[in-house]
Amino acid sequence: MRLPRWMLSRWFIVPATLAAVVLGWNLHVAANATGEVRGRVVDATGRPVAGATVLLFERSFVVNTEKQRVVTDAAGAFRFQGNASHAVQLQADAPAGKSERVTLRLLFRAQDADLPAPLVIAR
Amino acid sequence: MRRGFPWARHAVLIVVSAIMLLPFYWVFKTAITNENIYAFPPRLLPQDPHPYNFVDVWYLIPFPRYLLNSVIVSVMAVIGNVVLNAMAAYALTQNFRAKKLVVLLLLSCMLIPFQATIIPAYLITARIGLLNTYLGLALPLLSTIVCIFIYKAAFEAVPRSLVEAARMDGLSEWRIIAHVLLPLSRPAIATNVILAFIWSWNSFMWPLIVTRDANMQTLPLGLARFLSYMEDTTGALYAFVCMVLAPGILVFLMAQSAFIRGLTHGATKG
Amino acid sequence: MTPSGSPAHLARRAGTGTGWWGRKRTRQAALILCFLLPSLAIFLLYRVIPLGWNAILSFQSWSPMRPPRWVGFEHYEEMLFYDDIFWTALWNTLIWIGAAPVAIILALGIALLVNSDLKGASVYRTIVFLSYPLMTVAVGIIWRWMYDERGGFINWALRIAGIIDRPLGFLQSFDLAMASVIVTDIWQVIGFYMIILLTGLQQIPQHLYEAARVDGVPRHAVFLYVTLPMLRPSLFLCAVIGLLNSFTSFDLVYVMTNGGPGHATELLITYIYKLGFGQTKFDYAAAVTVVQFLLLLALTFLANRLAGGNAGAVEKD
């Protein structure tokens, strides 16, 4: 089968490729934008910390505003729902101390994400 | 005719090309890294490249809004130029009494740079209530004298007999333009589209004066505004620059020959 | 009213044909008018009327809140005799124009290198031209970054090369700011000059070169006596574009230095903008605009004269 000539012109191929990429990207975004942020909290020796409060901040160029806080479960895991931002900061607050603020940057708003390294409560 | 030293010539040209391309690389490098951009010495290669600066620009600056405004204004300008200039050029190929006068008027208008009339142009736009509107942004760009003459030359190159034959067949003037002249003047149309696109896409001073509202700002204005807020402190500025330049570079690389022809044509005629 | 019965009218009609033809002609005229009207209206609104209004405004004392009052040459007097910034801006504009020949010479060099059977010439051509159609605001920001004291490439390269031992704030320095902005401008427009000169070079008939070769004319003489004279129209076209460019370089200066430091990079056009839209002195800004416009006209005329009258901004159709 031969393609019609206009389909081989770069004025068709380039816009069509771009449109396909944009469409694919939007489908990907739609499928993965539930706004879940998951992670774990551990102490300095690497043991999970239960009952630590984790704070979620939304980041912009100049300010970070606190949006949510949750408490870790027995395995030290936490899970935020309904995150609407594309760049957040997380910080754990346990009786033993606080962790550093960790910035998590996402590729689009409300992307599902796992924190790559657990939050470590410092002594 | 000039032979010998091809290597020397290549060497010189490679240096020139490097000078031309280096600023693009430097900005791109800064845009895709998260390093402290003020670290000294600056790194030549990007450190842990990532796309998050682009994400920041998309969400934290109303980039989609700027893009939309720019596209609306450019589309208006392109359509305006293609249609209005064709009409005016067609009129100029006809014989009528005041033709000499009109041509003279156009030629002398060409000597008036738009920048030289910026203050009354602003006052007029304010008086007709078009400040801060898309029409107000696009109106001065809707028709261009250079492009009228480009069209005119193309129309005059169409054999007269063809036009006469069409007229004998009872085609209306509109149809003669649309079905006889325009299909035979495709390079002129391309030139019109390209010139109107770059002029409106890059136009900065006029939107700066006419828009009052952040919602009406076009990309160049958004860029200048972002610069004035953040100064040179963030890699996001350079991501913004890359995003603004990308469409222009893409269109240029795709339509290079038409681009160059259009611009030189535009220059020699105006 | 029976004009169609009058002998004169009949005679006129006889000249143009039948009654039907006459009607057709009026229709044709109306159509031409309709076709011309939109474009003419735009030019009238944004070129002709502003020019006239600008001239009137420059002789008035006016602000949006007050009724106008004629003040004669008061603004011009103030500008020419008391306004140092105006003179700085004028001088800077002339420097900007004066830099055009440098760019043209560089572009000529590149054009000569590219214009031959060199392999990959079109790639070089594309690369050199690439910067021209891009958004000037973005170009300004790119070069701000290139000039930056710590993150910029230029300071880094100069320090590596041992030319300077402390970073230079190119755009913050009174001595270097103007030159730095001009370098950026040259970087952006050089590709355009190159293309124009290339077009000119390709229009030189080959047989001239062949004749020169047969006669054994040395290469530099060929360049001086064949290439350059044949290239004169293109060169002057470049000069005129450089001239216009100095009046449209608002974007670059606005983004890179905004006329600073002090008024070291103030051009007439940025000064007009500041006067009009920063200080709402529309009347005074109009007077500066008149001077700028007259300067432009005079220089364009001069360039046209030098080019033999055939290569100005206006090419007669």
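**View 1. Chain C is divided into domain 1 (3-57) and domain 2 (81-306).** These bounds come from an automatic or database domain assignment. Between the C-alpha centres of domain 1 of chain C and domain 2 of chain C there are 44 Å. This is a predicted model, where local features need pLDDT of at least 70, side-chain atom pairs count only at pLDDT 80 or more, and totals for chains, interfaces and linings use all residues. Residues are numbered from 1 along each chain as its sequence is written, while chains are lettered from A and ligands numbered from 1 in the order in which they are written.

**View 2. Confidence along chain C is given by pLDDT, the predictor's confidence in each residue, from 0 to 100.** Chain C has a mean pLDDT of 83, with 89% of its residues at 70 or more. Helices here are DSSP runs (H or I, at least four residues), numbered from the N terminus. In chain C, helix H1 (residues 7-16) has the lowest mean, 44, and helix H7 (residues 136-147) the highest, 92. Where pLDDT is low, the predicted coordinates should not be read in detail.

**View 3. Helix H1 (residues 6-31) of chain B packs with H7(C) at an angle of about 85 degrees, their axes 9 Å apart.** Axes are lines fitted to C-alpha atoms over the stretch in contact, and angles run from 0 to 180 degrees between N-to-C directions. H1(B) is therefore roughly perpendicular to H7(C) (65 to 115 degrees). Residues making the contact (C-beta atoms, placed from the backbone, within 7 Å) include B:Trp26 of H1(B) and C:Trp143 of H7(C).

Conventions: Helix = DSSP H or I, 4+ residues; strand = E, 2+ residues; numbered from the N terminus. Parallel < 35°, antiparallel > 145°, perpendicular 65-115°, else oblique. Contact = placed C-beta atoms within 7 Å.
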